[in-house]
Amino acid sequence: MITYNKALFLYNGNAGKKDIERKLSLTVPVLSQAIKELTILQTETLEEARRVCVEYAEKIDLLIILGGDGTIHTCINSIAPLDKRPIIAILPGGTSNDFCRTLGIPQNLKAAANAIVNGSVIDIDIGKSNDNYFLNFWGIGLVAETSQNIDETQKKNLGVLSYFLSTVKTFSQAESFSYTITTNEGEFNGEAVLIFVLNGNYIGTQEIPIGTLSPMDGKMNVLIIENSNFASFRELLAMNNPRMDAENFQELSHFAVNELKIKTNEPKKIDMDGELYTSTPADITTLAGHIRIIGNL
């Protein structure tokens, strides 16, 4: 067990009081075993979460985030530009909790707290897209349109199922776009319905079937899906099969690079870790081992 002198436990105060009390009672007693001085703060807005992260970054050894992928994205963007960055611990508190899954953190909160106390500190890559950062994925096309189509009432009531319903809706309406990707190894042009730049292993709780995908290799995995048809997703599912030769794929392309530039024929909304607030073009760089996170890999 690693011990920490000072830690900040950050959580979203907009959740119901009983739900928050339950989550805190499951996690704080476990975490406090490894922390000498623990500060617990609730935030009500993303702006408040940003401010708190920056304010405490130099004062603490460990930042514990109880929240979903959006809250984690906000916190990562707050501390990534700083010279002194605390170690991060993530507790699953959202709908998908995708990067928790990548880190091997259980979805059960008490088990997750124990995994953090007994886990190890890992140097994790993050992506930088223009002036913003992403931990799990960067995407344009079908993924961004799916996020826009999510019904917030469905998301609240149905959780992960809401992503499935939105994907089905968007899939039937997907339109291709032209792209140009420039890397140190050359230029790629074509038409696509979806482009991912991947760092984590899960999206919408589903594992991405790329055997070489790792958030610790100093590279981002680029996945291009050309058409929204059955053949595309059959090839996607086959990517993890060592007997399949990716050069024979007709509907998708995949390669790993440490930096790239992406242009599209018209501005496309960019989805970073489930958040949409910017558009193409984009320069993407891998910041190798930039964030220290507790995991069980």
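Mentor: A cavity is a set of points, on a 1 Å grid over the protein atoms alone, where a 1.4 Å probe fits but cannot get out. Grid points are joined across faces, edges and corners, and a volume is the space filled by probe spheres set on the points. This is a predicted model, in which local features need pLDDT of at least 70, side-chain atom pairs count only at pLDDT 80 or more, and totals for chains, interfaces and linings use all residues. Residues are numbered from 1 along each chain as its sequence is written, and side-chain values use heavy atoms, with hydrogens and water left out.

Trainee: How many cavities of 30 Å³ or more does that rule give?

Mentor: The count is one. The largest cavity holds about 50 Å³ of space.

Trainee: What makes a residue part of the lining of the largest cavity?

Mentor: A lining residue has an atom within 4 Å of a point. The residues that line the largest cavity include Y4, L62 and I294.

Trainee: Why is S178 called partly exposed?

Mentor: Buried means under 20% relative accessible area and exposed means over 50%, with partly exposed in between (1.4 Å probe, protein chains only). S178 has 24% relative accessibility, so the residue counts as partly exposed. Of the 297 residues in the protein chain, 49% are buried.

Trainee: Which residues does S178 contact, leaving aside its neighbours within four places in sequence?

Mentor: Contact means heavy atoms within 4.5 Å. On that basis S178 touches G190, E191, K263, T264 and N265. K263 is 85 residues from S178 in sequence, with 8.5 Å between the C-alpha atoms.

Trainee: What makes the link between the side chains of S178 and E191 a polar contact?

Mentor: The term requires a pair of N or O atoms within 3.5 Å; within protein, one must be able to donate a hydrogen and the other to accept it, and residues adjacent in sequence count only if both atoms are side-chain atoms. The S178–E191 side-chain contact is 2.3 Å.

Trainee: How do you know that β7 and β16 pair?

Mentor: Two strands pair if DSSP finds at least two bridges between them; strands themselves are DSSP runs (E, at least two residues), numbered from the N terminus. Two bridges join β7 (residues 137–141) to β16 (residues 269–272), and the strands run antiparallel. G139 stands opposite D271 in β16.

Trainee: What is the order of the open sheet of six strands, and which are its edge strands?

Mentor: The order is β14-β13-β10-β7-β16-β17, with antiparallel pairing. The edge strands are β14 (252–257) and β17 (275–279), since each pairs on one side only.

Key. Helices (H or I, at least four residues) and strands (E, at least two) are DSSP runs, numbered from the N terminus. On a 1 Å grid over the protein atoms alone, a cavity is a set of points where a 1.4 Å probe fits but cannot get out, and a pocket is an open set with protein on both sides within 12 Å along at least five of seven lines; lining residues have an atom within 4 Å of a point.
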